Amino acid sequence: MNLTQLNAISPIDGRYRNKVSDLAQYFSEEALIKYRVKVEIEYFIALCEIPLPQLSDFNTDLYGDLRKIYEDFSAEDALKIKEIESVTNHDVKAVEYFIKEKFDALGLKKHKEFIHFGLTSQDINNTAIPLSIKDAIEEVYYPTLDGLTSKLAELSEEWENIPMLARTHGQPASPTRLGKELFVFVERINQQVLFIQNTPNAAKFGGATGNYNAHKVAYPNIDWKNFGTNFVENILGLHHSFPTTQIEHYDHMAALFDGLKRINTILIDLDRDVWTYISMDYFKQKIKKGEVGSSAMPHKVNPIDFENSEGNLGIANAIFEHLSAKLPVSRLQRDLTDSTVLRNVGVPFGHTVIGFKATLKGLNKLLLNQAKFEEDLENNWAVAAEAIQTILRREGYPNPYEALKGLTRTNEKITQQSIANFIDTLEVSDAIKAELKQITPSNYTGI
């Protein structure tokens, strides 16, 4: 049975496939196999560059042909490797045998035993997977997040002068501006992006237990540690972790996942805030002809994009949390739990991208209801009390906080007129009274 949107178990490969299809070239089984092939080929070329004595006669003009094995890698190639794996019951060994067949076809039979020379499977997995994560972040994650933050920044600028009643603890508080409140999220995200960009994409490369045992016993005079670092950092573009056990210790990867999780958490915060603003009628939403908001209530235009985003980002965070907590823990020199867990690394990225796109879609639907902003400010003149008592403090007025508390901490409505009447009772100069009467909820918005 062919996989379709209707029979896929995961919504990532079903309902939401069109939103995350770009991730398949980094996190699918085929992609993992391709990255493994790439590492094996580049490793062989690096051995030729030493050169090992047995590879000193290798024709360097053939490097291009070798690289085409992964550059032109096809679904048919992946299926071939899976067929080999059905016999070997070992995924990385199947890659090795596949490449050896390619060497035979290129007339390189005498060199093929230097494919995977001295390595263990994790030398391949722990370079292929970080490489795929690095590429996915650069090619898919950052562009998608940038589209979202750019929209937020655009709305922040568009609405920078819209005064808005703040609500701390859900209660009316010192006024702010809508644009500033949105820009808070832009700044928070940007700070976490800097953290991610400074988190190394680390890889292990060092043989069965990380000590280059097989390499050293075969060629004791070669500086294999230097070779491994050069290969991982200068050829693959990753950070070489050393020393390690059989596997990468995953500390940097855990930090990366924690950073990605924090960005998702910031966006969950945004989703909930915008959802609340919509419920307060601060925003209307653009209506698309033919869409239905409720199966029972025809009038409804629900904030479903922000709800969809919150749900998907929550799932992503749960998996990122497990990855960052589990991967750095491995029994002795290695157990297999990291392998099965890492096969799911694309899942939180998928839910994250779905969440990003849903938030962006929701932001693009927002219509400012400025009249509601103005109405809320007009109905909450009590928030001007902070400004008045602060100026009175400046003027040395006795007990200004208590005086304003007596005025405003009641169940009676505070209006512009009641504030003006209170100001008239103050024993201050007419100039100060005039200054105080200039304060309104709409202009008391700080910097």
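**Exercise 1. Determine which residues Glu85 is in contact with, leaving aside its neighbours within four places in sequence.**

Solution. Step 1: locate the residue. Glu85 has its place in helix H5 (residues 75-88); helices (H or I, at least four residues) and strands (E, at least two) are DSSP runs, numbered from the N terminus. Step 2: apply the criterion, by which contact means heavy atoms within 4.5 Å. Glu85 is then in contact with His90, Asp91 and Ala94. Step 3: examine the side chain. The side chain of Glu85 makes a polar contact of 2.9 Å with the side chain of Lys82. A polar contact is a pair of N or O atoms within 3.5 Å; within protein, one must be able to donate a hydrogen and the other to accept it, and residues adjacent in sequence count only if both atoms are side-chain atoms.

The model is predicted: local features need pLDDT of at least 70, side-chain atom pairs count only at pLDDT 80 or more, and totals for chains, interfaces and linings use all residues. Residues are numbered from 1 along each chain as its sequence is written, and side-chain values use heavy atoms, with hydrogens and water left out.

**Exercise 2. State what the pLDDT of the chain averages and where pLDDT stays under 50.**

Solution. Step 1: pLDDT is the predictor's confidence in each residue, from 0 to 100. Step 2: the average over the chain is 93, and 96% of the residues score at least 70. Step 3: over residues 294-298 pLDDT stays under 50, and the model has one contact beyond four places in sequence for them. Where pLDDT is low, the predicted coordinates should not be read in detail.

**Exercise 3. Describe how helices H8 and H11 pack.**

Solution. Step 1: H8 spans residues 178-197 and H11 spans residues 251-279; their axes lie 9 Å apart, at an angle of about 175°. Axes are lines fitted to C-alpha atoms, for helices over the stretch in contact, and angles run from 0 to 180 degrees between N-to-C directions. Step 2: H8 is therefore roughly antiparallel to H11, since angles under 35 degrees count as roughly parallel, over 145 as roughly antiparallel, 65 to 115 as roughly perpendicular and the rest as oblique. Step 3: on the H8 side the contact includes Leu182, Phe185 and Arg188, and on the H11 side it includes Ala255, Leu256 and Asp273. Step 4: the residues of this contact divide into 13 nonpolar, two polar and four charged. Ala, Val, Leu, Ile, Met, Phe, Trp, Tyr, Cys and Pro count as nonpolar, Asp, Glu, Lys and Arg as charged, and the others, Gly among them, as polar.
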